[in-house]
Amino acid sequence: MFDSIEDAVAYWKENISYIEDARIVEYRGGYPVVDFTIHQAAWDLVKDKKKFRRIVRNAELEGGIEVGVSACFYGTASLEWNPPVMRICGYPEVIQRILNKVM
């Protein structure tokens, strides 16, 4: 879907209304860590933190299937929510799926 993580970040900033800003802050295990600043009006839409583990695992599986590597993304993504910043680590397709599921 995305040619590079920079293209993905630009797409998220332009096309997802609840994101004020998005930037790459580091890499963990070769995967980018992206900080998303979320509009305060959307904070109530964020799912309960108890569901984050399942959301991340489902996103890893679905993103892996989309890219064609299925199980290879197991344990590669993470999700942290400290308002107003949501920090997501993972392959761009996995991050996209986490964003879709967490809100």
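## A buried glutamine

Gln-96 is buried, with a relative accessible area of 9%. That value counts as buried because the cut-off for this word is under 20% relative accessible area. The structure you are looking at is a predicted model, so please read every value here as computed from that model.

Where does Gln-96 lie? Its place is in helix 3. If we leave aside the neighbours within four places in sequence, Gln-96 is in contact with Phe-2, Tyr-11 and Trp-12.

Helix 3 runs over residues 92-102, and it is mostly covered, with eight of its 11 residues buried. Besides Gln-96, the buried residues include Pro-92, Glu-93, Val-94 and Ile-95. Further along the helix, Ile-98, Leu-99 and Val-102 are buried too.

## How helix 2 meets helix 3

Helix 2 and helix 3 pack at an angle of about 135 degrees, and their axes are 8 Å apart. The two helices are therefore oblique to each other. Their crossing is right-handed.

Which residues make the contact? From helix 2 come Phe-52, Ile-55, Val-56, Asn-58, Ala-59, Glu-60, Glu-62, Gly-63, Glu-66 and Val-67. From helix 3 come Glu-93, Val-94, Arg-97, Ile-98, Lys-101 and Val-102. Sorted by class, this contact has eight nonpolar, two polar and six charged residues.

## Glu-62 and its two partners

Some charged residues of this contact also pair up. Arg-97 forms a salt bridge with Glu-62, and their closest N and O atoms are 3.9 Å apart. This pair links distant parts of the chain, since Arg-97 is in helix 3 and Glu-62 is in helix 2 (residues 52-67), 35 residues apart.

Lys-101 forms a salt bridge with Glu-62 as well, here with the closest N and O atoms 3.3 Å apart. Again the pair links distant parts of the chain: Lys-101 in helix 3 and Glu-62 in helix 2 are 39 residues apart.

Are these residues buried or partly exposed? Arg-97 is partly exposed, with a relative accessible area of 24%. Lys-101 is partly exposed at 25%, and Glu-62 is partly exposed at 31%.

## A salt bridge between strands

How many salt bridges does a search of the whole structure find? The search finds eight. One of them joins the side chains of Asp-35 and Arg-87, at 2.6 Å from N to O. Asp-35 lies in strand 2 (residues 31-38) and Arg-87 in strand 4 (residues 85-89), so this pair ties together parts that are 52 residues apart in sequence.

Key:
Residues are numbered from 1 along each chain as its sequence is written. This is a predicted model: local features need pLDDT of at least 70, side-chain atom pairs count only at pLDDT 80 or more; totals for chains, interfaces and linings use all residues. Side-chain values use heavy atoms; hydrogens and water are left out. A salt bridge is a side-chain nitrogen of Lys or Arg within 4 Å of a carboxyl oxygen of Asp or Glu. Helices (H or I, at least four residues) and strands (E, at least two) are DSSP runs, numbered from the N terminus. Buried means under 20% relative accessible area, exposed over 50%, partly exposed in between (1.4 Å probe, protein chains only). Axes are lines fitted to C-alpha atoms, for helices over the stretch in contact, and angles run from 0 to 180 degrees between N-to-C directions. Angles under 35 degrees count as roughly parallel, over 145 as roughly antiparallel, 65 to 115 as roughly perpendicular and the rest as oblique. A crossing is left-handed if the near helix is turned anticlockwise from the far one by less than a right angle, and right-handed if clockwise. Contact means heavy atoms within 4.5 Å. Ala, Val, Leu, Ile, Met, Phe, Trp, Tyr, Cys and Pro count as nonpolar, Asp, Glu, Lys and Arg as charged, and the others, Gly among them, as polar.
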